[in-house]
Amino acid sequence: MPALAHHAFSAEYDAEKPVKLTGAVTKVEWENPHAWFYIDVKDSAGKVENWGFEMGSPNLLTRAGWGRNTLKVGEVVSVEASRAKSGANIANAKVVTLVSTGQKLFTGSSQGQATR
Amino acid sequence: MRSIVYCTALILVLGSNASAQWARTPDNTLPRTPDGKPNLAAKTPQARDGKPDLSGVWQSDINPTALPPGVQTVESITGFGAPRYFVDVTADFKPNEVPFQPAAGAQFAQRMQNQGKDDPAAHCQPTGVPAITNLPIPFKIVQTPGVVIVLYEDSSVFRQIFLDARKPVEDAQPRWMGYSTGKWEGDTLVVDSVGFTEKSWLDRLGHTHSNAMHVTERFRRRDLGHLEIEVTIEDPKTYTRPIKYTQKATLLPEEDLLEYFCTENEKDIEHYR
């Protein structure tokens, strides 16, 4: 089921700037119009930066079987995403993988459609 | 090549672990197939007054969209689809054959140039009639003999379609939903809507309309699970001939609407470039 088409994606994110980042979840915001989660990412020098990732709407995710407690603070995830054009540490998440199990929580593939 | 990407969706896959399903409320009145699933091909339900009953939670069908050259949607990146007319209400026209009046064509081009950042929906304003029915977001029809109520999950807004033979209000305050009156023609509910604000867009690409727009929607519930809405947009100030399309929707049995307030945690507007 698609999410809220509430914003102008290309005015905000650059699909030509994919990022893949790994870190522990620090916060989950399960609110409309889009769910967000945040992770702490450590760079090669050991410096930690917090990144925010936008997802679909909680309503979409709920209907697809995801709950507000599915992704827990402290869990380590690997995220594939499109980075914001502003250069800020935010991105639009495409695929979220639980590092501990390899389970993919998000994908845009059509197999995720909950359409009945 | 410039690309316009509209964020519509991120889709979730739980792999083999699908235990955390959205809790649905069982409906023992639904006809079922031998495997126990709701039988969407069962006959069209009847209201007490003998009319077809359009009531139910509906979702417009996801289907491929032919996009203008240079335009991407987020679906092309994520592999997900969207309702065709949600993205482009003129999707059935050949390229360069959309019957724009000159000023409307220029305004549309400007909206494309701006990558959709002026889309009212991108600023948490409502999506108007008729576009709101094309969204990839459920809506609920509640039918009574005198009025049909449509509850749209998007923006948690409602719409009233009056069936009591009233006339549209003269010089009505322009509205996002317009002013809708309807009547039955056989098994089809024919809805006329006028009184629109010019602020609303007809689709995500940004097709325009004037406040003189007249929308005709012909709702026909083909069977239990399938609704067809034949839409005609007449707006001579904007288009030299009518825009027509048929939006199909499928019943979401045992599903309820959820709350949706766009301003709850909006974070995108400040990042538009």
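Predicted model: local features only at pLDDT ≥ 70, side-chain atom pairs only at ≥ 80, totals over all residues.

Me: What makes β3(B) and β4 of chain B a strand pair?

Reply: The bridge count. Two strands pair if there are at least two bridges between them. β3(B) and strand β4 (residues 157-162) of chain B have 6 bridges, in the antiparallel sense, so they meet the cut-off of at least two.

Me: And which barrel do those strands belong to?

Reply: A closed one of 9 strands, running β1-β2-β3-β4-β5-β6-β7-β8-β9 (chain B), with mixed pairing. Neighbouring strands of this sheet are turned by 30° against each other on average, ignoring direction.

Me: Where does Leu151(B) sit?

Reply: In strand β3 of chain B, residues 147-152.

Me: Why is Leu151(B) called partly exposed?

Reply: Its relative accessible area is 31%.

Me: What makes the link of Cys124(B) and Cys262(B) left-handed or right-handed?

Reply: Look at the angle about the S-S bond. For Cys124(B) and Cys262(B) that comes to -65°, and the link is left-handed.

Me: Which parts of chain B does the pair tie together?

Reply: Cys124(B) lies in the loop between α3 (102-113) and α4 (131-134), while Cys262(B) is in the segment after β9 (243-251), so the pair ties together parts that are 138 residues apart in sequence.

Me: Are the two cysteines buried or exposed?

Reply: Cys124(B) has a relative accessible area of 18%, and Cys262(B) has 8%. Buried means under 20%, so Cys124(B) is buried and Cys262(B) is buried as well.

Me: Over to chain A. What does its secondary structure come to?

Reply: 1 helix and 5 strands, running β-β-β-α-β-β from the N terminus on. Of the 116 residues of chain A, 57% count as buried.

Me: In what order do the strands of chain A close into a barrel?

Reply: The 5 strands go β1-β2-β3-β5-β4, and the pairing is mixed. Neighbouring strands in this sheet are turned by 55° against each other on average, direction ignored.

Me: How do you know that β1 and β4 of chain A pair?

Reply: Strand β1 (residues 13-29) and strand β4 (residues 76-84) of chain A share 8 bridges in the antiparallel sense. Pairing needs at least two, so β1 and β4 of chain A qualify. You can check partners by eye: Lys20(A) has Glu80(A) in β4(A), and Val19(A) has Ala81(A) in β4(A).

Me: And what joins β1(A) to β2(A)?

Reply: 5 bridges, with β1(A) and strand β2 (residues 36-42) running antiparallel. That again meets the cut-off of at least two, so β1(A) and β2(A) count as paired. A hairpin joins β1(A) to β2(A) through 6 residues, and Glu29(A) stands opposite Trp36(A) in β2(A).

Technical notes
Residues numbered from 1 in each chain as written. Chains lettered and ligands numbered in written order. Heavy atoms only, no water. Disulfide = S-S within 2.5 Å. Helix = DSSP H or I, 4+ residues; strand = E, 2+ residues; numbered from the N terminus. Buried < 20%, exposed > 50% of the residue type's maximum accessible area, 1.4 Å probe, protein only. Axes fitted to C-alpha atoms, helices over the stretch in contact; angles between N-to-C directions.
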